[in-house]
Amino acid sequence: LMMVTGGSGSGKSEFAESLVTGLADGPNLYIATMFPFDEECHKRIARHREMRKDKGFDTLECYTGLKHADVSGYHTVLLECMSNLVANELYMEQGAGKDTVRSVTEGIRRLKEQSRNLVIVTNEVFSESVPDSVEMKNYKKVLGEINRNLAGMADQVTEVVYGIPCIWKKDADCTPGRLVESAVDHHKE
């Protein structure tokens, strides 16, 4: 389980995709969590589709209910992105609402059990300088708790800052982690 985080526009998605393509021993699945509720979302979705075009991904759109996703049969799973999934679970009618932390954490565990490699992208939204509304404070609290759970389960945690991957955690027995160094080198080119 590899966690990739970073701020908006940091290069975290590109880095996460390079991790997955570096592990390619079988079919790869991209779990898309952004619900296309406006024109800006449609543009971001199109940009991400273009980024992963010809990289061998099947796509599963999963806006809520991650624990019900069947990813068996896939060598590597890339979930993009935790911050969208958390917002969906908190605010969509079919979402988990107040049970979001438990529901999403359970979903991550199930994905991890079903796949050989799991790469999860999340956002670092905690140092933004805009004053938070009550709703945003709650969202950040829930996302923060899920990110802590995710980091605790992860074999590797990488933060991408200005396109530079910084590894914060790497378990000694993380076999895929050895490939991360080649992904970091590839990312620098």
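Author: Let us begin with burial: a residue counts as buried under 20% relative accessible area, as exposed over 50%, and as partly exposed in between, with a 1.4 Å probe and protein chains only. This is a predicted model, in which local features need pLDDT of at least 70 and side-chain atom pairs count only at pLDDT 80 or more, while totals for chains, interfaces and linings use all residues. Residues are numbered from 1 along each chain as its sequence is written, and side-chain values use heavy atoms, with hydrogens and water left out.

Reader: Is E89 buried or exposed?

Author: E89 is buried, because its relative accessible area is 2%. Of the 189 residues of the protein, 47% count as buried.

Reader: In which helix is E89 found, and how are such elements assigned?

Author: Helices (H or I, at least four residues) and strands (E, at least two) are DSSP runs, numbered from the N terminus. By that rule the protein has six helices and seven strands, and E89 is found in helix α3. Seven of the ten residues of α3 are buried; among them are M82, S83 and L85.

Reader: With which residues is E89 in contact?

Author: Contact means heavy atoms within 4.5 Å. Leaving aside neighbours within four places in sequence, the contacts of E89 include T64, G65, L66, T100 and S103. As a whole, the buried residues of α3 pack against β4, α4 (100–114), β5 and α5.

Reader: What does the side chain of E89 reach?

Author: A polar contact is a pair of N or O atoms within 3.5 Å; within protein, one must be able to donate a hydrogen and the other to accept it, and residues adjacent in sequence count only if both atoms are side-chain atoms. The side chain of E89 reaches the backbone nitrogen of G65 at 2.7 Å.

Reader: Which residues lie nearest the centre of the largest pocket?

Author: Rolling a probe the size of a water molecule over the atoms shows where empty space is left. On a 1 Å grid over the protein atoms alone, a pocket is an open set of points where a 1.4 Å probe fits, with protein on both sides within 12 Å along at least five of seven lines; lining residues have an atom within 4 Å of a point. Here 43 residues line the largest pocket, and M34, R44, H48, N84 and N123 lie nearest its centre. The largest share of this lining, ten residues, comes from α2.

Reader: Which side chains make polar contacts with that of N123?

Author: The side chain of N123 makes a polar contact with the side chain of K12 at 2.8 Å, and another of 2.6 Å joins N123 and S83 through their side chains. N123 lies in the loop between β5 (117–121) and α5.
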